[in-house]
Amino acid sequence: MEESTKFCKFCGEKIAKDAVICTKCGRQVESVGNQGQIVINNVANTPANSGRAPRLLNKWVAFCLCLFLGFLGGHKFYEGKIGTGILYLFTGGLFLIGWLIDLFNILGRSNPYTV
């Protein structure tokens, strides 16, 4: 009875006969057959964006909103972070400490940036 194994052509490890990738070295030992069309979805389905495309926001608009209305959460509402905006609204920008940190964070972002 013949075993259904073969040897990896890169590391020599014994692998399954129908294996495409070696389990020891991780290299591709056989070509992948016709798999059909491959679809790449570049939009991460995270709770922050819930599967929607990321919005491009202007760094300088966010900075001005943070500078003048940051203690009220103006920049957070602009970014679409409603919960954090309400928190800033009721705590005075997290007692002005969060406001100050956000000023420097916004300055460090590229323009435009995504949320």
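**Exercise 1. Which residues on the other side of H4 are exposed, and which residues of H4 are buried?**

Before starting, note that this is a predicted model, in which local features need pLDDT of at least 70, side-chain atom pairs count only at pLDDT 80 or more, and totals for chains, interfaces and linings use all residues. Residues are numbered from 1 along each chain as its sequence is written, and side-chain values use heavy atoms, with hydrogens and water left out.

*Solution.* 
Step 1. Helices (H or I, at least four residues) and strands (E, at least two) are DSSP runs, numbered from the N terminus.
Step 2. The buried residues in H4 are Gly-98, Asp-102, Leu-103 and Ile-106.
Step 3. These residues cover an arc of only 145° around the axis, so they are on the same side of H4. The arc is taken from the directions that run from the helix axis to the C-beta atoms.
Step 4. On the other side of H4, Ile-97 and Phe-104 are exposed.
Step 5. The cover over the buried residues of H4 includes helix H1 (59-69), helix H2 (74-78) and H3.

**Exercise 2. Describe how helix H3 packs with helix H4.**

*Solution.* 
Step 1. H3 (residues 82-95) and H4 (residues 97-107) pack at an angle of about 70°, and their axes are 3 Å apart. Axes are lines fitted to C-alpha atoms, for helices over the stretch in contact, and angles run from 0 to 180 degrees between N-to-C directions.
Step 2. H3 is therefore roughly perpendicular to H4. The classes are: under 35 degrees roughly parallel, over 145 roughly antiparallel, 65 to 115 roughly perpendicular, and the rest oblique.
Step 3. From H3, the contact (heavy atoms within 4.5 Å) uses Tyr-88, Gly-93, Leu-94 and Phe-95, and from H4 it uses Ile-97, Gly-98, Trp-99 and Asp-102.
Step 4. The residues of this contact divide into five nonpolar, two polar and one charged. Here Ala, Val, Leu, Ile, Met, Phe, Trp, Tyr, Cys and Pro count as nonpolar, Asp, Glu, Lys and Arg as charged, and the others, Gly among them, as polar.

**Exercise 3. How many disulfides does the structure have?**

*Solution.* 
Step 1. A disulfide is a pair of cysteine sulfur atoms within 2.5 Å.
Step 2. A search of the whole structure finds zero.
Step 3. For Cys-11, the nearest cysteine sulfur is that of Cys-22, 3.6 Å away. Cys-11 is partly exposed, with a relative accessible area of 32%.
Step 4. For Cys-64, the nearest cysteine sulfur is that of Cys-66, 10.0 Å away. Cys-64 is partly exposed at 40%.

**Exercise 4. Where is Lys-14 found, and what is it in contact with?**

*Solution.* 
Step 1. Lys-14 is in strand E2 (residues 14-16).
Step 2. Leaving aside neighbours within four places in sequence, Lys-14 is in contact with Glu-3, Thr-5, Lys-6 and Phe-7.
Step 3. Lys-14 is partly exposed, with a relative accessible area of 43%.

Definitions and conventions. Buried means under 20% relative accessible area, exposed over 50%, partly exposed in between (1.4 Å probe, protein chains only).
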